[in-house]
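Please consider the model shown below together with its sequence. The paragraphs that follow lead through its contacts, helices and charged pairs.

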Amino acid sequence: MEGLTASEQRELAARMERKQLKEFMTMYSKLVQRCFDDCVNDFTTKSLINREEGCVMRCVDKYLKSSGRLNERFQEQNAAMMQSGSLPGR
Amino acid sequence: MSFLFGGPPKMTSEQKIAAAETEVEMVSDMFNRLTESCTKKCIPTDYREGDLNKGESVCLDRCVSKFFEVNMKVSEKMQGEATASKQSGMGFGM
């Protein structure tokens with residue numbers, strides 16, 4: 001971030017931290033919903049059956065891996081785009 | 001009346017921070033939307049394995065690349081439209 005004084009940078013960092021916490025909570029609840037929707041469809045039992053539990057574990061695992069990979073590619077593309085000088089992020 | 005002579009208008013501290021915040025927000029919003037779309041398009045919902053397989057990985061990579069490309073195309077097109085409508089004196093008011 002260009003042209004911010006040290007105290008402005010500190011204020012920005014504090015806001016970013018709050019935003020990150022919020023984003024994490026959103027991500028978490030979306031993940032719960034996705035894995036629940038995709039894995040749990042049988043209501044003849046009260047607790048998760050083995051198959052459902054395994055599915056949920058794989059669902060979370062896959063999500064973490066794919067979001068890591070997407071993040072890597074995103075950083076690369078974003079850096080390339082900023083260098084070429086077009087939208088967004090300038 | 002220093003704004004008449006002071007060159008470009010000076011932003012207040014709050015405005016500068018807000019501008020920087022908006023910039024970060026735009027990028028993170030884009031990432032969230034991309035994640036949602038590419039996951040939907042590339043990851044089957046049966047979760048037979050926890051790892052990404054070859055097909056899924058390649059799909060995700062290409063998906064990011066195409067998402068950016070679409071982003072560029074739309075941006076170019078919109079800029080073209082804005083220029084065109086400015087010349088003909090109507091349209092978006094940009």
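Which side chain meets that of E81(B) in a salt bridge? The partner is K77(B), at 3.4 Å from N to O, where a salt bridge is a side-chain nitrogen of Lys or Arg within 4 Å of a carboxyl oxygen of Asp or Glu. Both E81(B) and K77(B) belong to helix α2 of chain B and stand 4 residues apart, about one turn of the helix; helices (H or I, at least four residues) and strands (E, at least two) are DSSP runs, numbered from the N terminus. E81(B) counts as partly exposed because its relative accessibility is 37%, whereas K77(B) is exposed, with a relative accessible area of 55%. In these terms, buried means under 20% relative accessible area, exposed over 50%, and partly exposed in between, for a 1.4 Å probe and protein chains only.

The model is predicted, so local features need pLDDT of at least 70 and side-chain atom pairs count only at pLDDT 80 or more, while totals for chains, interfaces and linings use all residues; side-chain values use heavy atoms, with hydrogens and water left out. Residues are numbered from 1 along each chain as its sequence is written, and chains are lettered from A and ligands numbered from 1 in the order in which they are written.

For chain A, an unreviewed UniProt entry lists residues 15–76 as "domain: Tim10-like"; UniProt positions follow the numbering used here, feature names are shortened, and annotations may be inferred rather than shown by experiment. This span is 84% helix and 0% strand, and its end C-alpha atoms lie 25 Å apart. I49(A) is found in the loop between α1 and α2 of chain A. With a relative accessible area of 23%, I49(A) is partly exposed. The C-alpha atoms of I49(A) and C39(A) are separated by 10 Å, and the two residues are 10 apart along the chain.

The interface between the chains can be described next. The size of an interface is often given as the accessible area lost when the parts come together. Between chain A and chain B the buried area is about 3600 Å², with 64% given by carbon and sulfur atoms; buried area is the accessible area (1.4 Å probe) that two parts lose on being put together, summed over both. K62(A), L70(A) and F74(A) supply 21% of the area that chain A buries against chain B, more than any other three residues. Chain A brings 35 residues to the contact and chain B brings 41 residues, contact meaning heavy atoms within 4.5 Å.

Polar pairs also span this interface. Between chain A and chain B, 17 residue pairs are in polar contact, both residues being at pLDDT 80 or more. A polar contact is a pair of N or O atoms within 3.5 Å; within protein, one must be able to donate a hydrogen and the other to accept it, and residues adjacent in sequence count only if both atoms are side-chain atoms. On the side of chain A that touches chain B, the elements giving two or more residues are α1 (6–39) and α2 (50–84) of chain A. Of these, α2(A) gives the most, with 16 residues. The residues of this side divide into 12 nonpolar, 8 polar and 15 charged. Here Ala, Val, Leu, Ile, Met, Phe, Trp, Tyr, Cys and Pro count as nonpolar, Asp, Glu, Lys and Arg as charged, and the others, Gly among them, as polar.

The structure holds 16 salt bridges over all chains, and the count between chain A and chain B is 10. One pair joins D61(B) and R69(A) at 2.8 Å from N to O. This pair crosses between chains, from D61(B) in helix α2 (residues 54–87) of chain B to R69(A) in helix α2 of chain A. R69(A) counts as partly exposed because its relative accessibility is 26%. R73(A) also forms a salt bridge with D61(B), the closest N and O atoms being 3.0 Å apart. R73(A) is buried, with a relative accessible area of 17%.

A polar contact of 2.8 Å joins the side chains of R15(A) and E14(B). E8(A) also has its place in helix α1 of chain A, and at 6% relative accessibility E8(A) counts as buried. Not counting residues up to four places away in sequence, E8(A) touches G3(A), S13(B), K16(B) and I17(B).
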